[in-house]
Amino acid sequence: MTSVSPDLTGEIALITGCAGLLGPVHADALIRCGTFVVVTDIDEERARETAHRLADEHGAHKVIGLRMDVTDHAGVSAVHRRVLDEHGCVGILVNNAAIDPKVDSEGGVREMSRFEHFPLAQWEEQIRVGLTGAFVCCQIFGTAMAAKGRGVIVNIASDLSVIGPDQRLYRRDGVADGEQPVKPVSYSVTKTGLVGLTRYLATYWADKGVRVNALSPGGVFAGQPPVFVDRLQQLIPMQRMAVPNEYVGAIQFLCSDASRYMTGQNLVIDGGRSVW
Ligand SMILES: NC(=O)c1ccc[n+]([C@@H]2O[C@H](COP(=O)([O-])OP(=O)(O)OC[C@H]3O[C@@H](n4cnc5c(N)ncnc54)[C@H](O)[C@@H]3O)[C@@H](O)[C@H]2O)c1
């Protein structure tokens, strides 16, 4: 029997939006498999800080931090060339960048999250980062992978790629129905669109050795208000939110030969929320 293991020694991975909550955990997961990781984020300072923290733990030869705005085609191309010149070909791309606006009605403009009033500028910005940004990165890094005949792309979606948001989670006491804050439409559309991009590219590049899958995490606990957490836990069969390192195994699996016969799929890891 051929053994499969998440050994990624010698691979170069690039993660977008890698300076937030989950990016550094994904980076750590890949470095632990032997990968050299390019931490990228629109926030240059936090990208460098994240890379320094990872270098402190794993060694400076395992990671670099670079500014990269996924919506800037020329900027992404420049990062591609720089990494190619200085380190080699990116064989693993994790499209992780997104804008996930917190639903928080403190401060007055709560009704703006509602569909009827949702600003076109916010719709366009959030789709530009979460969906168009993934398109740009796939076009630049994925095309190079296809030319080389090997590569892996993981698009980070969400449980909201397979279910609609339960807007009761965000309800506020004393607020009229028509003014209750809601999860914005742009997030659901971005994440569902990423699954479409995943399927499209999986078949497009299947004969070029490039596998493309999506990972759909459920909500990660990060100090959200207790009332929100209580309501959400009731919608989850496992009765709790995730902790950040509960996607480590999935990232290692999807980025390695352990999933070598898998492409075009959406791996949903949500404590069972979407099956209830
Ligand atoms: N945290 C969760 O509970 C959860 C649940 C499901 C899915 N997800 C998804 O996982 C991914 C990571 O989530 P997170 O909680 O770490 O998010 P986060 O908001 O903490 O981090 C996102 C990062 O993206 C960066 N970014 C924003 N615009 C960018 C741009 N134009 N170019 C490059 N980078 C940009 C931000 O600077 C930030 O560092 C996102 O795609 C998110 O939708 C998160």
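In which sense do strand E1 and E4 pair, and over how many bridges? I looked there to start: E1 (residues 12–15) and E4 pair in the parallel sense over three bridges. For my own record, strands are DSSP runs of at least two residues, numbered from the N terminus, and two strands pair if DSSP finds at least two bridges between them.

A note on the source: this is a predicted model, where local features need pLDDT of at least 70, side-chain atom pairs count only at pLDDT 80 or more, and totals for chains, interfaces and linings use all residues. Residues are numbered from 1 along each chain as its sequence is written, and side-chain values use heavy atoms, with hydrogens and water left out.

**Strand E4**

I found that Ile15 has Val94 in E4 as its bridge partner. E4 also pairs with strand E5 (residues 151–156), in the parallel sense over four bridges; there, Ile92 is partnered by Val152. Next I checked both faces of E4 (residues 92–95): Ile92 and Val94 on one side, and Leu93 and Asn95 on the other, are all buried (under 20% relative accessible area, 1.4 Å probe, protein chains only). In a regular strand the side chains alternate between the two faces of the sheet.

**The ligand**

I then turned to the ligand, which 24 residues surround (a heavy atom within 4 Å). Among the closest is Tyr187, with a polar side-chain atom 2.6 Å from a ligand oxygen. In the side chain of Lys191, an N or O atom is 2.9 Å from an oxygen atom of the ligand. Finally, I noted that the protein covers 86% of the 830 Å² of accessible area that the ligand has on its own (Shrake-Rupley method, 1.4 Å probe).

Key. A polar contact is a pair of N or O atoms within 3.5 Å; within protein, one must be able to donate a hydrogen and the other to accept it, and residues adjacent in sequence count only if both atoms are side-chain atoms. Buried means under 20% relative accessible area, exposed over 50%, partly exposed in between (1.4 Å probe, protein chains only).
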